[in-house]
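Here are a few exercises on helix packing and salt bridges. Have a look at the model, try each one, then check the worked steps.

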Amino acid sequence: MSQKENKSVAKQLDDLKQKIDWFYGEDFKLDEALKRYEEVIESSKSLEKQLGNMKNKVEQLAKDFSID
């Protein structure tokens, strides 16, 4: 399991927000923008995958404990 996968969802969201905020900050440099944009996309995809896995687990638990 990678280091990113070990981070909590809240921490990953916070990290992603900080990465996005850089684009609006005073430290913005056009030369760095593409690299940072790629990092944002990678982080977003990783987080989306993790959230999807969590959703599947919750749905399975709900299904397992439902009284039908």
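**Exercise 1.** Work out how the axes of helix H2 (residues 9-22) and helix H3 (residues 30-65) cross.

*Solution.* Step one: the two axes, lines fitted to C-alpha atoms over the stretch in contact, come within 10 Å and cross at roughly 155°. Step two: that makes H2 roughly antiparallel to H3 (angles over 145 degrees between N-to-C directions count as such). Step three: the crossing of H2 and H3 is left-handed.

A note on the source: this is a predicted model, where local features need pLDDT of at least 70 and side-chain atom pairs count only at pLDDT 80 or more. Residues are numbered from 1 along each chain, and side-chain values use heavy atoms, with hydrogens and water left out.

**Exercise 2.** Find residues where H2 meets H3, and sort the contact by class.

*Solution.* Using contact as heavy atoms within 4.5 Å, the H2 side includes Leu-13, Leu-16 and Ile-20, and the H3 side includes Val-40, Leu-47 and Leu-51. By class, the contact of H2 with H3 has 10 nonpolar, five polar and four charged residues.

**Exercise 3.** Which residue forms a salt bridge with Asp-15, and is Asp-15 buried or exposed?

*Solution.* A salt bridge needs a side-chain nitrogen of Lys or Arg within 4 Å of a carboxyl oxygen of Asp or Glu. Lys-11 is the partner, with the closest N and O atoms 3.0 Å apart. Both residues lie in H2, four residues apart, about one turn of the helix. Asp-15 is buried at 15% relative accessible area (buried means under 20%, exposed over 50%, partly exposed in between, with a 1.4 Å probe), while Lys-11 is partly exposed at 40%.

Note on methods:
Axes fitted to C-alpha atoms, helices over the stretch in contact; angles between N-to-C directions. Helix = DSSP H or I, 4+ residues; strand = E, 2+ residues; numbered from the N terminus. Parallel < 35°, antiparallel > 145°, perpendicular 65-115°, else oblique. Left-handed = near helix turned anticlockwise from the far one by under 90°. Nonpolar A, V, L, I, M, F, W, Y, C, P; charged D, E, K, R; others polar.
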